[in-house]
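Welcome, and thanks for taking a look at this one with us. Below is a short tour, grouped by topic, to read alongside the structure.

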Amino acid sequence: MTAVGKLILGILADFKWINTLYLYVATLIIMSLALCAIPFAKSYVTLALLSGILGFLTGNWSIFPYVTTKTVGIEKLAHAYGILMFFAGLGNSLGPPIVGWFYDWTQTYDIAFYFSGLCVLLGGFILLLAALPSWDTCKKQLPKPAPTTFLYKVASNSSNV
């Protein structure tokens, strides 16, 4: 489903009438809802359906670089992408121990799914806030200073001796 999600979300991102940033935020919000719904799934079919939805929505990684470019601009893409990869790695490193701690504490994974869904939802809302038109500073260009002209005088070859 991730491969299908990458393909379909990539095709959707190519349409001019679809705002890719909002498409990405929508995938995050739906993903958070699907994560929070997992504890309520009591049958194999429901778990399979939720897993398919999550797999499809993780295909949003195909539009991730484009969204990053739209958010911070092409000049800051390398730095922003590096910072985002750092936080993704941090989440991948800290997530399993936190989920294990939740399980040890409650003897159920329900809180872990709620916590994961809340984190994804929070990330989606923060991105949505950052994408609001009032925060759109990467498209505003600072006025370029007028080019400076230098006047050079040719040094005299004659010497006053």
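Rings of Phe, Tyr and Trp, the last taken by its six-membered ring, count as a pair if their centres lie within 6.5 Å; planes under 30 degrees apart are called stacked, those over 60 edge-to-face, and the rest tilted. With that rule, a search of the whole structure turns up 11 aromatic pairs. Please keep in mind that this is a predicted model. Its secondary structure comes to six helices and zero strands.

**Overall make-up**

- Read from the N terminus, the elements follow the order α-α-α-α-α-α.
- The protein has 161 residues, and buried residues make up 23% of them.
- Among contacts with a separation of 6 or more, 68% come from residues 24 or more positions apart.

**Aromatic pairs**

- Phe 102 and Trp 105 both belong to helix H5, which spans residues 77-106, and they sit three residues apart, about one turn of the helix.
- How buried or exposed are these two? Phe 102 is buried because its relative accessible area of 9% falls under the 20% cut-off, whereas Trp 105 is exposed because its 56% is over 50%.
- Tyr 103 and Tyr 109 form a stacked pair, because their ring centres are 4.4 Å apart and their planes meet at 20°, which is under the limit of 30 degrees.
- Elsewhere, ring pairs join Tyr 24, Trp 61, Phe 64 and Tyr 81 into a cluster.

**Helix H2 against helix H3**

- Two packed helices are described by the angle between their axes and the distance between the axes.
- For helix H2 (residues 20-37) and helix H3 (residues 44-57), the axes come within 10 Å and cross at roughly 155°.
- H2 is therefore roughly antiparallel to H3, as angles over 145 degrees are classed that way.
- The crossing of H2 past H3 is left-handed.
- On the H2 side the contact is made by Thr 27, Ile 30, Met 31, Ala 34, Leu 35 and Ala 37, and on the H3 side by Leu 50, Ile 53, Leu 54 and Leu 57.
- Sorted by class, this contact of H2 with H3 holds nine nonpolar residues, one polar residue and no charged ones.

**Helix H1 against helix H2**

- H1 and H2 pack with their axes 9 Å apart, at an angle of about 150°.
- That angle makes H1 roughly antiparallel to H2.
- H1 and H2 cross in a right-handed way.
- Leu 9, Leu 12 and Ala 13 of H1 meet Thr 20, Leu 23 and Thr 27 of H2.
- By class, the contact of H1 with H2 has four nonpolar and two polar residues, with no charged residues.

**Residues to click on**

- Where does Asn 60 have its place? Asn 60 is in the loop between H3 and helix H4 (64-72).
- Asn 60 is buried because its relative accessible area is 2%, under the 20% cut-off.
- Setting aside neighbours within four places in sequence, Asn 60 is in contact with Leu 9, Tyr 24, Thr 27, Leu 28 and Met 31.
- Ile 11 lies in helix H1 (residues 2-14) and is partly exposed, with a relative accessible area of 44%.
- Ile 11 and Ile 63 are 52 residues apart in sequence, and their C-alpha atoms are 9.7 Å apart in space.
- Phe 113 is found in helix H6 (residues 110-130) and counts as partly exposed at 28% relative accessibility.
- Not counting residues up to four places away in sequence, Phe 113 touches Leu 35, Cys 36, Ile 38 and Pro 39.
- Phe 113 is 14 residues from Val 99 in sequence and 8.4 Å from it in space, C-alpha to C-alpha.

**A backbone angle to check**

- Most residues other than glycine have a negative phi.
- Gln 107, although not a glycine, has a positive phi of about 60°.
- Gln 107 has its place in the loop between H5 and H6, and at 53% relative accessibility it counts as exposed.

How values were computed: Residues are numbered from 1 along each chain as its sequence is written. This is a predicted model: local features need pLDDT of at least 70, side-chain atom pairs count only at pLDDT 80 or more; totals for chains, interfaces and linings use all residues. Side-chain values use heavy atoms; hydrogens and water are left out. Helices (H or I, at least four residues) and strands (E, at least two) are DSSP runs, numbered from the N terminus. Buried means under 20% relative accessible area, exposed over 50%, partly exposed in between (1.4 Å probe, protein chains only). Axes are lines fitted to C-alpha atoms, for helices over the stretch in contact, and angles run from 0 to 180 degrees between N-to-C directions. Angles under 35 degrees count as roughly parallel, over 145 as roughly antiparallel, 65 to 115 as roughly perpendicular and the rest as oblique. A crossing is left-handed if the near helix is turned anticlockwise from the far one by less than a right angle, and right-handed if clockwise. Contact means heavy atoms within 4.5 Å. Ala, Val, Leu, Ile, Met, Phe, Trp, Tyr, Cys and Pro count as nonpolar, Asp, Glu, Lys and Arg as charged, and the others, Gly among them, as polar.
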